[in-house]
Amino acid sequence: MSDARTATIGLGPLRPAPDGLPDPHIAPPTIAEAGDPFTTLRVIDLLARLERATPNRLADIVDRLNATYLDWLFSAPVVVDVALQLQANWMADYRNSSGIVLDDGPLGLTLTIEDSSRVDPWIVRQAQRAASACTERLAEFSRRDRPTSGG
């Protein structure tokens, strides 16, 4: 008498993981890139929390990003790129340069954000725009039939 099983459609319940099986949720590090909405959102999130009207060293901003997102690597040029884009957006919206100021001081490059009631709603809109771009990129990825281009 044989104990042969037949295949069925769909997976049944899974058995417990064998002892010692490593966690499969290991994620590779991500290198932050200029123009990437996921990078932009993370940088804006930190900038939105900085003390207003206080020069903040760019090196300190980069260090905080790297300490906050341990699986990411942020570089100064990438953070400057986001800051410059925010500065350009501010100029387009308010026609002045006092909102986001990058300055080369004695301690290196600094970033200062204006202390006014218009900053918080404005920076939230910038973050929402970046988050929307992230969502669009994820939706585009999920529509492809394979994770490489051309699919």
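## Exercises: a pocket, a helix pair and a sheet

Helix H1 (37–49), H3 and helix H4 (119–143) each supply at least two residues to the lining of the largest pocket. Helices (H or I, at least four residues) and strands (E, at least two) are DSSP runs numbered from the N terminus. The model is predicted: local features need pLDDT of at least 70, side-chain atom pairs count only at pLDDT 80 or more, and totals for chains, interfaces and linings use all residues. Residues are numbered from 1 along each chain as its sequence is written, and side-chain values use heavy atoms, without hydrogens and water.

**Exercise 1.** Find which helix gives the largest share of the pocket lining.

Step 1. List the lining: among them are Asp81, Val82, Gln85, Leu86 and Asn89.
Step 2. The largest share, 5 residues, comes from H3.
Step 3. Sort the lining by class: 5 nonpolar, 5 polar and 2 charged. Ala, Val, Leu, Ile, Met, Phe, Trp, Tyr, Cys and Pro count as nonpolar, Asp, Glu, Lys and Arg as charged, the others, Gly among them, as polar.

**Exercise 2.** Describe how H2 meets H3.

Step 1. The axes of H2 (residues 58–68) and H3 (residues 76–94) come within 10 Å and cross at roughly 105°. Axes are lines fitted to C-alpha atoms over the stretch in contact, with angles from 0 to 180 degrees between N-to-C directions.
Step 2. H2 is therefore roughly perpendicular to H3 (65 to 115 degrees).
Step 3. Leu58, Ile61, Val62 and Leu65 of H2 contact Ala76, Val79 and Val80 of H3 (heavy atoms within 4.5 Å).

**Exercise 3.** Trace the pairing of S4 with S5.

Step 1. S4 (residues 100–105) and S5 run antiparallel, joined by 6 bridges (pairing needs at least two DSSP bridges).
Step 2. Ile100 stands opposite Ile113 in S5.
Step 3. A hairpin links S4 to S5 through 2 residues.

Terms used: Parallel < 35°, antiparallel > 145°, perpendicular 65-115°, else oblique. 1 Å grid on protein atoms, 1.4 Å probe; cavity = no way out; pocket = protein on both sides within 12 Å on 5 of 7 lines; lining within 4 Å.
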